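Reader: I am new to protein models. Can you show me how to read one, step by step?

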Amino acid sequence: MTLIVVITIFVLAVFVGLEIITKVPPILHTPLMSATNAIHGVILVGALIVLAHAHSTAEIVLGMIAVVFATLNVVGGFVVTDRMLEMFKKRPDPPEKKHE
Amino acid sequence: MNDHWLIELGYLVGAVLFILALKLLNSPKTARRGNWLAALGMAIALGTVGFSLGHVETQNYIFIAVAVVAGTIIGSISAKRVQMTAMPQMVALFNGVGGGAVALVAMIEFMAEPGERLAPVPLVTAVLSAIIGSVSFSGSMIAFGKLQEIMPGKPILYPGDKVVTALVLAAVIALAVLPISGSTSIALFAGLLGTATLLGILMVLPIGGADMPVVISLLNSFTGLAAGLAGFVLGNTALLIGGGLVGASGLILTLQMCSAMNRSLENVLFGAFGAAKSGDHTTASATGRIRSYSVEDAAIIFASARTVIVVPGYGLAVAQAQHVVKELMEKLEARGIQVKFAVHPVAGRMPGHMNVLLAEADISYDHLFDLDEINSDFPETDVALVIGANDVVNPAARTDKSSPIYGMPILDVDKAKTVIVSKRGMGAGFAGIENELFLQENTVMVFGDAKATMTKLVAALDEF
């Protein structure tokens, strides 16, 4: 990819990010933060690329830490967000209760 | 790679799903689907990268498998086990490790080619994403420590703190210039990471615990930006779009959180909110007297009440009192008393946090009211029951121009006929500010742990 293409993609992504968040009700502030938090776990893509091509011990060790960190970010982020949003679902007839 | 366009297409599908997901996350009805869509986008992006790696040594595949499995196990177990009350610090923790991952990826990219150096633009973005990632990592860890109460929630200030922070910032800039201008020293790059980590710590220490949600949101935006910059280094579309989206949307969300508290971002970051000495505000109003009631005496007040508004705060959350409060609500309703819940946008420790906790206790939506909807009801309300809330009901926000929370929208509980405050002790709130509400003539204090108090109250209501 040429540099200008890379810059174009990034700048457009930033503008979409600025526009996409409208007036969010406060009730959703925490889940939205948590979901975007999980999305930046996309750094896992980068961590996988560098670990795949790591040669020296230092690179391998740092790469493994990066992959563990990024995986935590992705998995933990999405699970925590889902748990929060699960609470918000309308329950006309409560099914089996998990929390007592 | 002749299937290059397929890889780009995979990333594009992932990116489009991220954008659609954020759109759905704007509304409570579709938010959960939005989160699933984002997870699907992530799965597609990760599947795609699996096909793009080219030749990889077998041992590297093993390293990847071990690291991914470890991260998945730790991540899913901790995310499933964490109490709803501890959600804010969990988000801080996951954000922090994300920032750490970005910094490490940038570092490895810098190390990878000692002979063939990175081109100027990727080099600059590698340095920037290393700095921002490190700041986000350490800043989030401090935010975690403050919310988990491993360290004091109050702003930590010391003489000359601003100078020290400025010097560390200068050191970060100086260290950043060297690799950009040609140094290939790995030790120096590691030093840059270390100094940026220190900067993150120094930036968050002087910020009070009450402002941690805003800090976490801002650091979340930072991590996104850093991940996007790492996309320049790797020429990777998924990183560029995913990171750019989060960097920008995270900033908008941060500003919305600030406006919910009627504060500017600058004031949150540099205002040392809550550092005001206690006593500054009490001396003027120390004329009042505290009326401390037993639970039984307080229960009698409900006997003649027709309308009750419950104001839950963080004290309710830490005591895990939400389920007992639901019981209390049922008891009161059985006596024909109308019960409403007034939820302040920043009740709990994160905006929206209280809604999550009350929903967990199965208190239905139609009982919950926002600040704007309910404030006009207080003057006609018999009893306002404040459970572990403090700053969000402090009338000083309306009246006292010298108060650090002046101008913050509050719940006007002081206008109710009787105010019952359940509180652990006379300590100041999370923001460290005294509250005149407790000295008001129509206010009754019931001291003790919120859950114990509510349990006793439920029992006392059966007596008559």
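Predicted model: local features only at pLDDT ≥ 70, side-chain atom pairs only at ≥ 80, totals over all residues.

Reader: What does the secondary structure of chain B come to?

Author: Count the helices and strands. Chain B has 18 helices and 6 strands. Its C-alpha trace spans about 80 × 50 × 35 Å along the principal axes.

Reader: How many residues does chain B have, and what share of them is buried?

Author: Chain B has 464 residues, and 54% of them are buried. Now look at sequence separation. Take the contacts in chain B between residues at least 6 apart in sequence: 80% of these join residues at least 24 apart.

Reader: How do I read the contact between the chains?

Author: The size of an interface is often given as the accessible area lost when the parts come together. Here, we count residues instead. Chain A gives 75 residues to the contact, and chain B gives 93 residues.

Reader: Which helix of chain A gives the most to that side?

Author: Helix 4 of chain A, with 27 residues. Helix 1 (3–20), helix 2, helix 3 (43–52) and helix 4 (57–86) of chain A each supply at least two residues. By type, the side of chain A that touches chain B holds 54 nonpolar, 17 polar and 4 charged residues.

Terms used:
Residues numbered from 1 in each chain as written. Chains lettered and ligands numbered in written order. Helix = DSSP H or I, 4+ residues; strand = E, 2+ residues; numbered from the N terminus. Buried ≥ 20, exposed ≤ 12 C-beta atoms within 10 Å, placed from the backbone. Contact = placed C-beta atoms within 7 Å. Nonpolar A, V, L, I, M, F, W, Y, C, P; charged D, E, K, R; others polar.
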